[in-house]
Amino acid sequence: MSDKLIIFDTTLRDGEQSPGASMTRDEKVRIAKALERLKVDIIEAGFPAASPGDFEAVQAVARAVKETTVCGLARALDKDIDRAGEALKDAHSSRIHTFIATSPLHMEHKLKMTPDQVVENAVRAVKRARQYTDNVEFSPEDAGRSEEDFLCRVLEAVINAGARTLNIPDTVGYAMPEQFGRLIARLRERIPNSDLAIFSVHCHNDLGLAVANSLAAVVNGARQVECTINGLGERAGNAALEEVVMAVRTRKDFFPCHTDIDAREIVPCSKLVSSITGFPVQPNKSIVGANAFAHESGIHQDGVIKHRETYEIMSAEEVGWTANRMVLGKHSGRNAFRARMAELGVEFASEEELNTVFSRFKQLADRKHEIFDEDLQSLLNEADTEASEEYVKLVALDFSSGMGERPQARVTIKTGHQEHQADFSASGGVVDASLKAIESLLNTEAKLTLYSVNNITSGTDAQGEVTVRLEKGGRIVNGQGADTDIVIASAKAYINAVNKLQASNKRKHPQVDEVDV
Ligand code: KIV
Ligand code: ZN
């Protein structure tokens, strides 16, 4: 019997810390539902003490998820742990994850604490977390650069205090696979009560080694891996869930463990995360990139046709790449629509909400004969955006262009109850003219640092999904918009980014105030 490898997904917490990847409460709930379908074991839903918005999002995920354990992050501070305990109160199964830094660098310069104080705080935090749940995880932050003797001391103490998962983070992505694997083996060997806890790892990808380090740890006895969809996360990201899971599954001859992940949900989940966060997946990304199973060279194509395994170690279907499956069309009724949405994990709060999204679906189906799951997800993205508190709304957009003509755009927007209109003519094209017309009305003075268009499905009638990244005063946001017309999609994306910029004014970064003890 092989051991179970616990998959702890932190897309909604560490993933959200990627600059520009912040998600609304409803977006988090949709991703959490997708993670539940994927059958991850634990969803780290956020950092409840970071802001009221984070608290509400963790609470909403805790209420929405029925099978998976929901976790909240907390610094080793009473107030953080109490907020996490409160946010998770309604979860059917909850975990509190508390952390404090243990590397000499962090203790001296960031925490300004002695090692004794760090041990004392760690133990106090774990004991407090145990008042809310038996399921407590402890992380010695920056373990990858901490002294082994000190790690042994802290970890032994927190196990005695009641921690049952010990997560070893390579916070800055500094470790090398062999060394990191050895560290896990030595901690398990040296800590006298180590058999009372599960060892976990949380690796960052600064040197592109997050997955390799995680797998080296698994070989050395780690039985939980913390990872994110598409490898999203702080700076260069975390270990990619899809890579860890498929490595363990494809090389079961090598790894003495298995996961419970439903691999067919990997690609749909990856697409959902990408469309909600506006972080496109690079085409050559393992498992979930558009080219991951595409064979260009004639020799490879010939080989795969004769026998798939000549050049493929996994099948595209196994990880959820299906040829775009038509799910609904213009003649589909409300019941079929509601049923497919339910299969995607979406329950409408009221008939009114269903009607709003259904009427959008009908409008889209008039323009596009076949509607795929990806189209339905984009309708939901749009409905979520509209339901959230919006500072500015797009009311109308007209544009004209032609060979030898100067592109023109006329845009109408609404802020509060007031409508504003502007005309703009720009040499760059109709997208350029439309975005400049909007900017001439809003004067955000934000810098546009990314503009990208992806087709959601295939065919010339596919919806284009546009991502716009804006930067202002150190804040970065990604806005998305989808439409069969990419000029309209671009205007929606720009306005979505402006609204997020406005909302981000009210939110602080989850790991600020680290030393505010
Ligand atoms: O990278 C890190 O150290 C973290 C901890 C909070 C586990 O994200
Ligand atoms: Zn991290």
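# Briefing: metal site, surface patch and side-chain contacts

L448 has 41% relative accessibility and counts as partly exposed (buried is under 20% relative accessible area, exposed over 50%, and partly exposed in between, with a 1.4 Å probe and protein chains only). The model is predicted, so local features need pLDDT of at least 70 and side-chain atom pairs count only at pLDDT 80 or more, while totals for chains, interfaces and linings use all residues. Residues are numbered from 1 along each chain as its sequence is written, chains are lettered from A and ligands numbered from 1 in the order in which they are written, and side-chain values use heavy atoms, leaving out hydrogens and water.

**Surface patch**

- L448 is found in strand β16 (strands are DSSP runs of E with at least two residues, helices are runs of H or I with at least four, and both are numbered from the N terminus).
- Together with Y451, V453 and I486, L448 makes a nonpolar surface patch of about 300 Å² (patch residues have over 30% relative accessible area and no salt bridge; nonpolar side chains are joined within 5 Å, like charges within 9 Å).
- Strand β16, residues 447–455, gives the most to the nonpolar patch, with 3 residues.

**Zinc site**

- D14 (OD), H202 (NE2) and H204 (NE2) coordinate the zinc ion (ligand 2) at 2.0 to 2.1 Å (donors are N, O and S atoms within 2.8 Å of the metal, or 3.2 Å for Na, K and Ca; water is not among the atoms, so the site may look incomplete).
- The spacing of these donor residues in sequence is D-x187-H-x1-H.
- H202 and H204 are both buried.

**Cysteines**

- The structure holds 0 disulfides (a disulfide is a pair of cysteine sulfur atoms within 2.5 Å).
- C152 is in no disulfide, and the nearest cysteine sulfur, that of C203, is 18 Å away.
- C152 is buried, at 8% relative accessibility.
- For C269, the closest cysteine sulfur is in C227 at 11 Å, which is too far for a bond.
- C269 has a relative accessible area of 2% and is buried.

**Aromatic pairs**

- The count comes to 6 aromatic pairs (rings of Phe, Tyr and Trp, the last by its six-membered ring, pair if their centres lie within 6.5 Å; planes under 30 degrees apart are stacked, over 60 edge-to-face, and the rest tilted).
- One of the pairs joins F47 and F99 edge-to-face, at 6.5 Å centre to centre with 75° between the planes.
- Because F47 lies in the loop between β3 (42–46) and α2 (52–64) and F99 in strand β5 (residues 94–101), the pair ties together parts that are 52 residues apart in sequence.
- Both F47 and F99 are buried.
- F337, F348, F358 and F361 are linked by ring pairs into a cluster.

**Salt bridges**

- There are 36 salt bridges (a side-chain nitrogen of Lys or Arg within 4 Å of a carboxyl oxygen of Asp or Glu).
- In the salt bridge between D260 and K4, the closest N and O atoms are 2.9 Å apart.
- D260 in the loop between β10 (257–258) and α10 (266–277) is 256 residues apart from K4 in strand β1 (residues 3–4), and the pair links these distant parts of the chain.
- D260 is partly exposed at 39%, and K4 is partly exposed at 31%.
- E137 and R95 meet in a salt bridge at 2.7 Å, N to O.
- This pair links E137 in strand β6 (residues 136–141) with R95 in strand β5, 42 residues apart.
- E137 and R95 are buried.
- D78, D82, R124 and R128 are linked in a network of salt bridges.

Definitions and conventions: Accessible areas come from the Shrake-Rupley method with a 1.4 Å probe; for residues, only the protein chains shown count as cover.
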